[in-house]
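I would ask you to look at the sequence and the structure first, and then to follow me through a few selected places.

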Amino acid sequence: VLKIFDPRYIWQRFNRRRDYFHRPWTLEAEAAAVEDTGHVESDELNESDTEPTNRPDPNDASAVAQRNARWERRFHEIVEDDFECEIAAYRCLTDLQGEAIPRLFGVAKYIPAEKRYIEPRVLVLEYIEGVIVDDAPASAFTPSIIAQLYRDLGRIALENCPTEIIG
């Protein structure tokens with residue numbers, strides 16, 4: 001299984017709130033985001049998006065392009081942070097890999113066929129056949145399954161993982 005950390009598909013881009021300001025991916029915004037090396041605070045961007053008076057004039061192409069680049073930069077930072085957190089969790093939980101969680105076989109970069117200015121990072125994970133917990137009927141959670149879950153959760157806590165990784 002390849003888990004690709006691509007900012008084009010990050011859930012924040014597709015938020016469906018009423019006050020949401022549409023932020024589609026464009027190659028131009030990604031190119032400008034790569035050139036912008038400054039950190040972008042989410043709150044700064046979110047506050048200006050929720051207040052229509054803070055949004056750039058739609059007729060000001062330069063301001064709109066700059067705004068799009070700043071959002072693209074922020075989306076890239078989010079997926080990079082997500083990748084780093086997940087890889088740290090897998091490194092911390094090596095004893096559970098292949099038993100309670102999928103094995104991490106490696107990391108890579110995804111080289112898309114189309115032109116891009118970033119190469120999204122990828123986790124190469126073991127495929128585990130089964131049912132997603134959300135889709136499992138309550139009857140599937142037998143006492144032995146619940147006991148195993150508690151044992152595995154206890155093992156996670158004993159691994160000395162940073163609290164931001166285990167909750």
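Predicted model: local features only at pLDDT ≥ 70, side-chain atom pairs only at ≥ 80, totals over all residues.

The buried residues of α1 are A29, E30, A31 and A33. Here, buried means under 20% relative accessible area, exposed means over 50%, and partly exposed lies in between, with a 1.4 Å probe and protein chains only. Helices (H or I, at least four residues) and strands (E, at least two) are DSSP runs, numbered from the N terminus.

Residues are numbered from 1 along each chain as its sequence is written, and side-chain values use heavy atoms, with hydrogens and water left out.

What covers the buried residues of α1? Helix α3 is included in that cover. Helix α1 spans residues 27-35 and helix α3 spans residues 61-92; they pack at an angle of about 70 degrees, and their axes are 8 Å apart. Axes are lines fitted to C-alpha atoms, for helices over the stretch in contact, and angles run from 0 to 180 degrees between N-to-C directions. The angle makes α1 roughly perpendicular to α3; under 35 degrees counts as roughly parallel, over 145 as roughly antiparallel, 65 to 115 as roughly perpendicular, and the rest as oblique.

On the α1 side, the contact is made by A29, E30, A32 and A33, and on the α3 side by N68, A69, E72 and R73. Contact means heavy atoms within 4.5 Å. By class, this contact has four nonpolar, one polar and three charged residues. Ala, Val, Leu, Ile, Met, Phe, Trp, Tyr, Cys and Pro count as nonpolar, Asp, Glu, Lys and Arg as charged, and the others, Gly among them, as polar.

**Within helix α3**

R74 also has its place in helix α3. Is R74 buried or exposed? R74 has a relative accessible area of 12%, so it is buried. Its side chain makes a polar contact with the side chain of E77, at 2.9 Å. A polar contact is a pair of N or O atoms within 3.5 Å; within protein, one must be able to donate a hydrogen and the other to accept it, and residues adjacent in sequence count only if both atoms are side-chain atoms.

**Aromatic pairs**

Rings of Phe, Tyr and Trp (its six-membered ring) pair if their centres lie within 6.5 Å; planes under 30 degrees apart count as stacked, over 60 as edge-to-face, and the rest as tilted. By this rule, there are two aromatic pairs. F5 and F83 form an edge-to-face pair, 5.3 Å centre to centre with 90 degrees between the planes. This pair links distant parts of the chain, since F5 lies in strand β1 (residues 2-5) and F83 in helix α3, 78 residues apart. Both F5 and F83 are buried.

The rings of W71 and F75 have centres 5.3 Å apart and planes at 40 degrees, so that pair is tilted. W71 and F75 are four residues apart in helix α3, and therefore separated by about one helical turn. Both W71 and F75 are buried.

**The whole protein**

Finally, the protein has five helices and three strands, and along the sequence they follow the pattern β-α-α-α-β-β-α-α. Of its 167 residues, 31% count as buried.
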